[in-house]
Amino acid sequence: METYETRLNTALRRVEEQEKLVAVWRETISGLAKEGQPTDLAEKMLRLMQARLHAFRADLGKLRN
């Protein structure tokens, strides 16, 4: 069985990793837009990643309370 500390560390790591992914996708979208490339699919992926980040943050919040 996982300890509280292990679950908390896992939740923190998930949030940090997802924040990095969101940042990279934002840069990708910006680069695509500057090149005049379509960004529809990339923006959809970003929204999905942001939703996952929100879920990870909610899980972390529950653990901290």
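Modeller: Thr39 lies in the loop between α1 and α2. Helices here are DSSP runs of H or I with at least four residues, strands are runs of E with at least two, and both are numbered from the N terminus. The model is predicted: local features need pLDDT of at least 70, side-chain atom pairs count only at pLDDT 80 or more, and totals for chains, interfaces and linings use all residues. Residues are numbered from 1 along each chain as its sequence is written, and side-chain values use heavy atoms, with hydrogens and water left out.

With a relative accessible area of 12%, Thr39 is buried. Buried means under 20% relative accessible area, exposed means over 50%, and partly exposed is in between, using a 1.4 Å probe and protein chains only. Leaving aside residues up to four places away in sequence, Thr39 touches Ile29, Leu32 and Ala33; a contact means heavy atoms within 4.5 Å.

The buried residues in α2 are Ala42, Leu46, Met49, Leu53, Phe56, Leu60 and Leu63. An α-helix has 3.6 residues a turn, so residues three or four places apart point the same way. The buried residues of α2 pack against α1, which covers 4–34.

Met49 is one of these buried residues of α2. Met49 counts as buried because its relative accessibility is 14%. Not counting residues up to four places away in sequence, Met49 touches Gln18, Leu21, Val22 and Trp25. Leu8, by contrast, is 41 residues from Met49 along the chain, and their C-alpha atoms are separated by 21 Å.

Now the whole chain. The secondary structure comes to 2 helices and 0 strands. Among contacts with a separation of 6 or more, 70% are between residues 24 or more positions apart. The C-alpha atoms fill a box of roughly 50 × 20 × 15 Å along the principal axes. The radius of gyration is 15 Å, while a compact globule of 65 residues would have one near 11 Å. That radius is taken over C-alpha atoms, and the globule rule is 2.2 Å times the number of residues to the power 0.38. Of the 65 residues, 23% count as buried.
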